Amino acid sequence: MSLPDSEPRSPTPASIPWRRLTTWFLATRAIIWGFAGLAVRYFPKAEGFSPPRSPLDWLMHWDAQWFIGVASNGYTYDPTRMSSVNFLPVYPMTVRAVTWLTHHLDLSCYLVSHAYCFGAMVLLWRLTCDVAKSPAVADAAIAFFLLGPVALFFASIYSEATFLF
């Protein structure tokens, strides 16, 4: 059974605007990293603040250390202390596989986060085109996805983008 010619079809991989999506993705990553660099440089520092060693440290906060620990050393459990067993394994396993290729754990974490984010962005664009039947609406959804309040977590060493993909 085929669809009538009057009904729009789902975007195929060939019809996805790869260049535009890639440009938006890279531009928004540069914006987020730029704001992170400005924040490190100009925002007031809390007591006990230690300056980052490199730009890779700019977005390495909170749970990032847990993910890095799981990716490099596996899971640990100590009933008397905080443990890493509550972090799901897909993100650290992917990081470990990419680290085998790059030999740089921090860089691998960012590459994996960005790869999952990019994949989620493409899937969101396709889904929005399917539902709204409008590439312009899909473009607006992508703009919000890449610049919305939670976009920082998709650019950091977190597993959030993994769940979207």
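User: Which helix is Ile32 found in?
Analyst: In this predicted model, Ile32 is found in helix 1.

User: And is Ile32 buried or exposed?
Analyst: Ile32 is buried because its relative accessible area is 11%, and the cut-off for buried is under 20%.

User: Which residues does Ile32 touch, leaving out those up to four places away in sequence?
Analyst: With those residues not counted, Ile32 touches Leu59, Leu146, Ala151, Leu152 and Ala155.

User: How far apart in space are Ile32 and Pro51?
Analyst: Their C-alpha atoms are 18 Å apart, and the two residues are separated by 19 residues in sequence.

User: Back to helix 1. What are its buried residues?
Analyst: Ile32 is one of them.

User: Why might residues three or four places apart point the same way?
Analyst: An α-helix has 3.6 residues a turn, so residues at that spacing point the same way.

User: How many residues does helix 1 have, and what distance does it reach?
Analyst: Helix 1 has 25 residues and reaches 36 Å from its first C-alpha to its last, which is close to the 36 Å expected.

User: Now the surface. Which residues make the nonpolar patch?
Analyst: Ile31, Phe35, Leu38, Tyr42, Phe43 and Leu147 make a nonpolar surface patch of about 700 Å². Helix 1 gives the most to this patch, with 4 residues.

User: Is Tyr42 buried or exposed?
Analyst: Tyr42, which has its place in helix 1, counts as exposed because its relative accessibility is 58%.

User: What is Ile157 in contact with, leaving aside neighbours within four places in sequence?
Analyst: Its contacts are Leu59, Met60, Ala64, Phe67, Ile68, Tyr91, Asp106, Cys109, Tyr110 and Ser113.

User: Asp106 is in that list. Where is Asp106 found?
Analyst: Asp106 is found in helix 4. It counts as buried because its relative accessibility is 18%, and buried means under 20%.

User: Which residues does Asp106 touch, not counting those up to four places away?
Analyst: Asp106 touches Leu56, Asp57, Met60, Ile68 and Ile157.

User: What does helix 4 span?
Analyst: Helix 4 covers residues 105-132, which is 28 residues, and reaches 40 Å from its first C-alpha to its last. This is close to the 40 Å expected.

User: What happens just after helix 4?
Analyst: Lys133 takes a positive phi of about 55 degrees there.

User: What percentage of the residues count as buried?
Analyst: Of the 165 residues of the protein chain, 36% count as buried. The chain exposes about 10500 Å², and carbon and sulfur atoms supply 67% of that area.

Technical notes:
Residues numbered from 1 in each chain as written. Predicted model: local features only at pLDDT ≥ 70, side-chain atom pairs only at ≥ 80, totals over all residues. Heavy atoms only, no water. Helix = DSSP H or I, 4+ residues; strand = E, 2+ residues; numbered from the N terminus. Expected span 1.5 Å × (residues − 1). Buried < 20%, exposed > 50% of the residue type's maximum accessible area, 1.4 Å probe, protein only. Contact = heavy atoms within 4.5 Å. Patch = residues over 30% accessible without salt bridge, like charges linked within 9 Å, V, L, I, M, F, W, Y side chains within 5 Å. Areas by Shrake-Rupley, 256 points an atom, 1.4 Å probe, with all protein chains shown as cover. Salt bridge = Lys/Arg side-chain N within 4 Å of Asp/Glu carboxyl O.
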